Amino acid sequence: MTHYEGDVQAPADARFAILASRWNPRIVDALVVGARAAFAAHGVGDERLDVIRVPGAWELPQAAARLASRYAGLVVLGCVVRGETRHYEHVADECAGALMRVALDSGVPVANGVLAVEQHADAEARAGGAHGNKGEECALAILEMANLFERIGQPMHLRAPARPGSDAAADPRRAPDRGAGRPWPHKGGTP
């Protein structure tokens with residue numbers, strides 16, 4: 001039995017992005033600082049890291065979908081605080097679901113660091129307070145997932161079809177990679 005597990009070492013020349021909302025800036029800025037520090041502590045310098053800001057949590061999945069193919073992993077950070085209306089549920093739930101869809105559709109690891117909290121004190125506790133820093137946790141998770149994905153290779157749905165008669169045609173696990181992060185057209189089309 002083969003056992004695969006990633007570690008927190010970035011693959012060589014891998015680029016990463018932190019997508020962060022501008023809403024609740026005191027909280028989100030602390031999450032970004034935590035993520036950047038974790039990347040730096042594990043050998044990812046500023047030349048391999050981009051920070052992209054969007055207005056709020058609602059826009060984060062849209063930016064993630066547009067950018068996923070350019071990076072080995074995305075750390076997505078934001079903060080949604082419950083208010084007096086149902087807006088909180090719509091934004092937090094749809095954001096989480098859409099970020100998972102980006103990860104599954106693109107084959108690129110996406111860490112959801114969008115805090116969905118009852119009150120600002122809960123967010124402060126997760127942005128460098130008593131419960132640590134979710135930005136740091138997400139950066140470490142992305143490093144581990146990027147490392148794991150490099151070890152196990154490109155997901156099957158992102159690989160080019162094997163040519164008849166090739167070794168890959170006989171064993172689909174040996175299908176050639178199409179290249180890191182290039183999405184496969186799900187309906188029709190050729191690579």
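Contact here means heavy atoms within 4.5 Å. All views below come from a predicted model.

View 1. Read from the N terminus, the elements of the protein chain follow the order β-α-β-α-β-α-β-α-β-β-α-α. The protein chain has 191 residues, and 41% of them are buried. Consider the contacts between residues at least 6 apart in sequence: 75% of these join residues at least 24 apart.

**View 2. Ile27 sits in helix α1.** Ile27 has 3% relative accessibility and counts as buried, because the cut-off for buried is under 20%. Which residues does Ile27 touch, not counting residues up to four places away in sequence? They are Cys79, Leu115, His120, Ala123, Glu124 and Ala127. Take Cys79 from that list. In sequence, Ile27 and Cys79 are 52 residues apart. In space, their C-alpha atoms are 7.0 Å apart.

**View 3. The largest nonpolar core holds 27 residues.** Phe16, Ile18, Phe39, Val75 and Leu77 have the most contacts inside this core. Five elements each supply at least two of its residues: β1 (16–21), α1 (25–41), β3 (73–81), β4 (110–117) and α5 (134–152). Which element gives the largest share of this core? Helix α1 does, with seven residues. In soluble globular proteins, nonpolar side chains tend to be buried together.

**View 4. Ile18 and its contacts.** Ile18 is among the residues with the most contacts inside the largest nonpolar core. Neighbours within four places in sequence are left aside here. Ile18 is then in contact with Val32, Ala35, Arg36 and Phe39, among others. The list also includes Leu49, Asp50, Val51 and Ile52. Val75 and Leu77 complete the set.

**View 5. A second, separate core has 23 residues.** Among them are Leu60, Leu74, Val76 and Val91.

**View 6. Helix α2 packs against helix α3.** Helix α2 spans residues 60–67, and helix α3 spans residues 87–106. Their axes lie 9 Å apart, at an angle of about 5°. That makes α2 roughly parallel to α3, because angles under 35 degrees count as roughly parallel. Which residues of α2 meet α3? Leu60, Pro61, Ala64 and Ala65 do. Their partners in α3 are Cys95, Ala98, Leu99 and Val102. By class, this contact of α2 with α3 has eight nonpolar residues, with no polar and no charged ones.

**View 7. Two buried cysteines, Cys95 and Cys138.** Cys95 has a relative accessible area of 2% and is buried. Cys138 is buried too, at 5%. Cys95 belongs to the α3 side of the contact with α2. How many disulfides are there? The count comes to zero disulfides.

**View 8. Glu136 in helix α5.** Is Glu136 buried, exposed or partly exposed? Its relative accessible area is 38%, so Glu136 is partly exposed. Leaving aside neighbours within four places in sequence, Glu136 is in contact with Gly34, Ala35 and Ala38. Ala35 is also in contact with Ile18. Glu136 and Ala37 are 99 residues apart in sequence. Their C-alpha atoms are 7.2 Å apart in space.

**View 9. Met145 in helix α5.** Met145 has 32% relative accessibility and counts as partly exposed. Along the chain, Met145 and Val8 are 137 residues apart. How many Å separate their C-alpha atoms? The separation is 8.2 Å.

**View 10. Positive phi at Asp13 and Asn24.** Asp13 has phi near 65°, a positive value in a residue other than glycine. Its place is in the segment before β1. At 70% relative accessibility, Asp13 counts as exposed, because the cut-off for exposed is over 50%. Asn24 has phi near 55°, again positive in a residue other than glycine. The loop between β1 and α1 holds Asn24. Is Asn24 buried or exposed? With 15% relative accessibility, Asn24 counts as buried.

Key:
Residues are numbered from 1 along each chain as its sequence is written. This is a predicted model: local features need pLDDT of at least 70, side-chain atom pairs count only at pLDDT 80 or more; totals for chains, interfaces and linings use all residues. Side-chain values use heavy atoms; hydrogens and water are left out. A disulfide is a pair of cysteine sulfur atoms within 2.5 Å. Buried means under 20% relative accessible area, exposed over 50%, partly exposed in between (1.4 Å probe, protein chains only). Axes are lines fitted to C-alpha atoms, for helices over the stretch in contact, and angles run from 0 to 180 degrees between N-to-C directions. Helices (H or I, at least four residues) and strands (E, at least two) are DSSP runs, numbered from the N terminus. Angles under 35 degrees count as roughly parallel, over 145 as roughly antiparallel, 65 to 115 as roughly perpendicular and the rest as oblique. Ala, Val, Leu, Ile, Met, Phe, Trp, Tyr, Cys and Pro count as nonpolar, Asp, Glu, Lys and Arg as charged, and the others, Gly among them, as polar. A nonpolar core is a set of buried Ala, Val, Leu, Ile, Met, Phe, Trp, Tyr and Cys residues joined through side-chain atoms within 4.5 Å.
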